[in-house]
Amino acid sequence: MHTNIQPSSLLMECHPICALDFRMDEWGVDVAITGSQKALSLPTGIGFVVASPKAIEASKSAKSLRVFFDWSDYLKFYKMGTYWPYTPSIQLLYGLRAALDLIFEEGLENIIARHNRLGTATRLAVEAWGLKNCTQEEEWFSDTVTAVVVPPYIDGAEIVRRAWKRYNLSLGLGLNKVAGKVFRIGHLGNLNELQLLGALAGVEMILKDVGYPVKLGSGVAAASAYLQNNIPLIPSRI
């Protein structure tokens, strides 16, 4: 989603590019950003910025301070043919090349559809557990992450700690106003349906550990039933 805060402002999209449908020109987005650790499935370390001609022109008169990611530096070196004004992270660029190969092999439309399946399956599991999605309106549901609201007697942070310490499962904390009130299940990037089901099974065991009366297998069953009816054949293996 993009929001125009005031009539003269630029549109900025903080978006899991390569996971959801995103049309920069069609939607009139002027600045799009993402991180290597998002849907590109790389380690943290590369930030990606795409700027429209309008944004580049506006940057010339902007008063904000900037050093490392000054667009003018990058544009100058790009025209010189060296692309990077500073020493780049070469190993991450090799990883990016490999990640893009995987993306092109699967196809962007298939990737978007896969993320929709993963998001839907996760939301069905949460419903089967008797818990609620922090996002209340369906139009705002995310196909890349689901924040699960926990009962008042359970600390969401404890779920995340136990997931890591006992089950080697990485979940996300609730931040700011929802700290301790939710935990987050990420389902983006180089993740398939069976990997998701394993993560959902782990969440069920953790919920049982912290005293929530979940029926083991309930969320996994709901997600499996949906996925079994919606996973297509792998195009490269037909």
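Colleague: Which residues does Phe 68 touch, not counting residues up to four places away in sequence?

Modeller: The model is predicted, and Phe 68 is found in the loop between α2 (53-59) and α3 (71-80). Once residues up to four places away in sequence are left out, the residues that Phe 68 touches are Tyr 74 and Tyr 86.

Colleague: Does Phe 68 count as buried or exposed, and which value decides this?

Modeller: The cut-off for an exposed residue is over 50% relative accessible area. Phe 68 counts as exposed because its relative accessibility is 53%.

Colleague: What distance separates the C-alpha atoms of Phe 68 and Leu 233?

Modeller: Along the chain, Phe 68 and Leu 233 are 165 residues apart. For context, the C-alpha atoms of the protein fill a box of roughly 60 × 45 × 35 Å along the principal axes. The separation between the C-alpha atoms of Phe 68 and Leu 233 is 45 Å.

Colleague: Which side chain of opposite charge is nearest to Glu 204, a buried residue?

Modeller: Glu 204 lies in helix α7 (residues 193-209). A salt bridge requires a nitrogen-to-oxygen distance within 4 Å, and Glu 204 has no such partner. At 9.4 Å, the nearest side chain of opposite charge is that of Lys 208.

Colleague: Which residue has its backbone nitrogen 2.7 Å from a polar atom of the Glu 204 side chain?

Modeller: Glu 204 touches a run of residues that includes Leu 216, Gly 217, Ser 218, Gly 219 and Val 220. Among the buried residues of helix α8 (residues 218-228) are Ser 218, Gly 219 and Val 220. The backbone nitrogen at 2.7 Å from the side chain of Glu 204 belongs to Gly 219.

Colleague: Which elements are included in what covers the buried residues of α8?

Modeller: Besides Ser 218, Gly 219 and Val 220, the buried residues of α8 include Ala 223, Tyr 226 and Leu 227. The cover over the buried residues of α8 includes α5 and α7.

Colleague: Which element gives the most to the lining of the second largest pocket?

Modeller: The second largest pocket has a volume of about 810 Å³. Of its 30 lining residues, the closest to the centre are Leu 102, Glu 106, Arg 114, Asn 190 and Ile 234. The elements that give two or more residues to this lining are α4 (90-106), α5 (108-128) and α7. With seven residues, the element that gives the most is α4.

Colleague: What percentage of the residues of the protein count as buried?

Modeller: The secondary structure comes to eight helices and seven strands. Of the 238 residues of the protein, the share that counts as buried is 37%.

Technical notes. Residues are numbered from 1 along each chain as its sequence is written. This is a predicted model: local features need pLDDT of at least 70, side-chain atom pairs count only at pLDDT 80 or more; totals for chains, interfaces and linings use all residues. Side-chain values use heavy atoms; hydrogens and water are left out. Helices (H or I, at least four residues) and strands (E, at least two) are DSSP runs, numbered from the N terminus. Buried means under 20% relative accessible area, exposed over 50%, partly exposed in between (1.4 Å probe, protein chains only). Lys and Arg count as positive and Asp and Glu as negative; His and the chain ends are not counted. A polar contact is a pair of N or O atoms within 3.5 Å; within protein, one must be able to donate a hydrogen and the other to accept it, and residues adjacent in sequence count only if both atoms are side-chain atoms. Contact means heavy atoms within 4.5 Å. On a 1 Å grid over the protein atoms alone, a cavity is a set of points where a 1.4 Å probe fits but cannot get out, and a pocket is an open set with protein on both sides within 12 Å along at least five of seven lines; lining residues have an atom within 4 Å of a point. Grid points are joined across faces, edges and corners, and a volume is the space filled by probe spheres set on the points.
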